[in-house]
Amino acid sequence: MKIIVFGATGKIGSEIVKQLTNEHEVIQVGSRRGDFTADYTDAESVQAIFKQIKEIDAVVVSVGGDSNFKPFHEINEEDFRFANERKLVSQFRIVELAEKYLNQGGSITLTSGFLSHYSNEYSLATGPFNAAIDTYVKQAAPLLQNNLRLNVVSPAPVVEPEKVTTGLVSASDVANYFVESIQGSSSGTVYRAWGGLPFPGED
């Protein structure tokens, strides 16, 4: 398969590339380095990538640094606008563009995060957007044309392998879910890489 990875030079993205490279052709897209560079929040920049790369089978969006973490009473409108554009709208836009360029039966995998359900006083400008991405994937997946699949990976905080414990995961652990999304047959699935944390409300 020919796979585009946005955020390929990041902690999780580089591990996704590592796990896919032996079996697939992986095109690495980063903000400052990679096979291509692009601002994933800019429509023209992203569309330029799709126009240059032909016969695409899968698109991965593994991006970070897209939210501000502040105490609840210090969050302002700009913090919400920042997260809305970078975390939410930018990923929706990539889905819209990818649908036009992906091969029949291709896949798209987005990124959300465990703060959708495990919030804290600093997470109110990011957690709700994670939840919105999860909901979007579930509702949009059946509507995509050309038998395309759409999934999302929701990671817990990523740490070095020796520090992994409940609620903390390694980049390799998270990358495994992206690979499963790409190589499997699921669509509309939220892959929860939560390091053993249960879904709230489940026994």
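Contact here means heavy atoms within 4.5 Å, and helices (H or I, at least four residues) and strands (E, at least two) are DSSP runs numbered from the N terminus. The model is a predicted one, in which local features need pLDDT of at least 70 and side-chain atom pairs count only at pLDDT 80 or more, while totals for chains, interfaces and linings use all residues. Residues are numbered from 1 along each chain as its sequence is written, and side-chain values use heavy atoms, with hydrogens and water left out.

On to the helix pairs. From H2, Ala 43, Val 46, Gln 47, Phe 50 and Lys 51 meet Arg 93, Ile 94, Leu 97, Ala 98 and Tyr 101 of H3. By type, the residues of this H2 and H3 contact split into 7 nonpolar, 1 polar and 2 charged; Ala, Val, Leu, Ile, Met, Phe, Trp, Tyr, Cys and Pro count as nonpolar, Asp, Glu, Lys and Arg as charged, and the others, Gly among them, as polar.

Helix H1 (residues 11–20) and helix H5 (residues 171–183) have axes that come within 8 Å and cross at roughly 55 degrees. Axes are lines fitted to C-alpha atoms, for helices over the stretch in contact, with angles running from 0 to 180 degrees between N-to-C directions. H1 and H5 are therefore oblique to each other (under 35 degrees is roughly parallel, over 145 roughly antiparallel, 65 to 115 roughly perpendicular, and the rest oblique). On the H1 side, the residues that meet H5 include Ile 12, Ile 16 and Leu 20.

The largest nonpolar core has 33 residues, and Ile 4, Phe 6, Phe 50, Val 59, Leu 110 and Leu 150 have the most contacts inside it. Such a core is a set of buried Ala, Val, Leu, Ile, Met, Phe, Trp, Tyr and Cys residues joined through side-chain atoms within 4.5 Å, where buried means under 20% relative accessible area, exposed over 50%, and partly exposed in between (1.4 Å probe, protein chains only). H3 supplies the largest share of this core, at 6 residues. Leaving aside neighbours within four places in sequence, Ile 4 is in contact with residues including Ile 27, Val 29, Phe 50 and Val 59.

Tyr 191 sits in strand E7 (residues 190–193) and is buried, with a relative accessible area of 7%. Not counting residues up to four places away in sequence, Tyr 191 touches Asn 151, Val 152, Val 153, Ser 154, Tyr 177, Glu 180, Ser 181 and Ser 186.
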